[in-house]
Amino acid sequence: MSKIMTMRGFLTTCIGVTCATVLAFPLPTLSATAAPARPSEAGVPGSTHSLPLAPLSRARVLGTAPEQGLYRPGGEHFSLVGIVWDDPHAEVHGQVRVRTRSARTGSWSGWQDVETHNADQGADPASAPRDARRLRGATAPLWVGESAGVDVRVHSDGTGTRNSGTGRPRPPLPSGLRLQLVDPGKEAPHGSTPDDPSRTAPRTDATSAASAADTDIARFGALDIPELGKRATERELVRLKGPVTEPYIGPRPRIVTRRGWGADESLREPGFAYTKKIKAVFVHHTASGDTYTCAQAPSVIRSIYRYHVESMGWRDIGYNFLVDKCGTLYEGRAGGAAKAVLGAHTPGFNGDTMGIAVIGTYGATKPPRAAVTAVARLAAWKLGLYDADPRGSTYLTSGGGNLYPRGKKVRLNVISGHRDGFATECPGKSLYARLGTARSGAARYQGR
């Protein structure tokens with residue numbers, strides 16, 4: 001792993017002439033002018049600032065692999081960071097590290113790694129924005145808490161890749177690298193209802209449409225879809241789907257609506273996209289870190305939403321649902337929690353499926369029991385609406401990806417991990433190991 005040494009980075013490894021050379025050519029203070037923050041709906045907090053990265057002189061002097069970065073000790077307030085670039089098909093082969101300065105204490109954090117391989121979460125052509133020129137490559141987002149300064153380094157390992165169109169080698173780092181600083185707006189006070197809707201969700205056509213999409217199971221403008229008992233859920237199933245011989249469905253869990261977590265509906269593309277049914281669930285983690293509190297979860301979701309839409313160019317947040325570490329469930333992509341909304345979560349398998357993301361990074365960290373239980377409860381209810389057995393398997397036709405070619409019929413578990421449909425580490429080793437528990441729990445909730 002490359003050890004980065006700067007006059008401000010404090011990642012020090014001095015070996016002979018190399019150390020002396022670095023000290024002889026100290027890095028200049030880097031600065032950049034942020035692109036104007038995109039305006040939100042009136043009364044809705046939050047913004048995204050985009051800052052271009054610059055080549056670092058040390059890399060040129062030492063003849064090492066290309067490196068770009070940015071040092072900005074003050075300016076914008078933000079809570080989530082990520083790196084984007086021009087070509088959505090390119091990748092960063094190397095390392096992205098960031099440290100941030102706390103807006104509350106003024107102290108700098110330690111260096112953190114940002115997950116560079118984020119192309120494994122994305123849209124199939126059918127679920128891409130109408131203007132595909134908006135799409136960008138990106139790292140995973142990283143939640144850093146309330147911050148007011150940033151120091152970022154993007155270091156190439158020198159391998160690069162070949163352009164699929166021309167066959168020519170790509171540069172070691174993608175072109176157009178930009179740092180994204182996302183401010184989600186004011187957090188809800190601990191223990192309160194997330195985001196007072198009178199303050200954060202003015203009644204616009206887009207806001208009304210998002211709320212109306214859930215009126216088959218909740219009142220218009222509700223902050224949450226209330227929990228139901230099993231009998232009431234079975235009666236609702238008949239109302240929604242017609243007579244059912246054996247209603248295998250789990251009790252409907254409480255779900256915080258988009259209005260409940262404070263979605264700025266002006267950001268997303270208008271209208272909704274649907275698939276035919278829900279045959280399977282793909283479980284993900286957001287790879288955004290584990291430092292958030294449960295009271296901050298609405299802010300994390302607003303940040304990821306902005307990052308997916310404003311920074312990456314997607315039509316809406318990619319996941320159909322999200323779960324925080326305390327087990328609270330949140331409606332993700334707009335279109336109706338009980339409906340078969342087409343998400344952008346597992347390339348090749350977005351059709352006839354839904355994506356549930358547990359907020360956090362669960363490679364080495366064990367997922368909280370409450371989060372796994374929430375995944376099981378949500379899957380038991382949503383799969384029950386479409387007569388799917390959580391313990392079973394189903395056939396899905398690949399839309400194309402790095403694991404299965406387009407048109408390939410693939411047998412997958414009804415509750416699968418992201419890595420089952422795409423070559424990726426997601427949902428992390430520890431969360432993936434708990435999917436058996438989620439399957440058995442969901443089946444139990446359905447009464448099987």
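Okay, a bit of housekeeping. What we have is a predicted model, where local features need pLDDT of at least 70, side-chain atom pairs count only at pLDDT 80 or more, and totals for chains, interfaces and linings use all residues. Residues are numbered from 1 along each chain as its sequence is written, and side-chain values use heavy atoms, with hydrogens and water left out.

Let's begin with strand β1, residues 47-52. Buried, for us, is under 20% relative accessible area, exposed is over 50%, and partly exposed is in between, using a 1.4 Å probe and protein chains only. In β1, 5 of the 6 residues are buried, so the rest of the structure largely encloses the strand. Strands pair if DSSP finds at least two bridges between them. β1 has 6 bridges to strand β9, residues 178-183, and the two run antiparallel. If you want a spot to look at, S47 stands opposite D183 in β9.

Then there's an open sheet of 7 strands, and its order is β10-β11-β14-β13-β15-β12-β18, with mixed pairing. β10 (224-225) and β18 (415-417) are the edge strands, each pairing on one side only. Inside that order, β11 (residues 255-256) and β14 (residues 329-331) run parallel and are joined by 2 bridges. I255 has L329 as its bridge partner in β14.

Now helix α8, residues 369-385. Just after α8, D387 takes a positive phi of about 55 degrees.

On to the rings. Phe, Tyr and Trp rings (the six-membered one for Trp) pair if their centres lie within 6.5 Å; planes under 30 degrees apart are stacked, over 60 edge-to-face, and the rest tilted. That rule gives 5 aromatic pairs. One of them is Y71 with W108, stacked at 5.8 Å centre to centre with 20 degrees between the planes. Y71 is in strand β3 (residues 67-72) and W108 is in the loop between β5 (94-102) and β6 (112-114), so this pair ties together parts 37 residues apart in sequence. Y71 is buried at 12% relative accessibility, while W108 is partly exposed at 27%. F272 and Y274 make an edge-to-face pair, 6.5 Å centre to centre and 70 degrees between the planes. Ring pairs also link F282, F349 and Y404 into a cluster.

Last stop, cavities. Picture a 1 Å grid over the protein atoms alone: a cavity is a set of points where a 1.4 Å probe fits but cannot get out, and lining residues have an atom within 4 Å of a point. Which residues lie nearest the centre of the largest cavity? Out of 15 lining residues, they are A210, S211, A222, T257 and R259. Helix α4 (205-212) and helix α6 (258-261) each supply at least two of the lining residues, with the largest share, 3 residues, coming from α4.

Terms used
Helix = DSSP H or I, 4+ residues; strand = E, 2+ residues; numbered from the N terminus. 1 Å grid on protein atoms, 1.4 Å probe; cavity = no way out; pocket = protein on both sides within 12 Å on 5 of 7 lines; lining within 4 Å.
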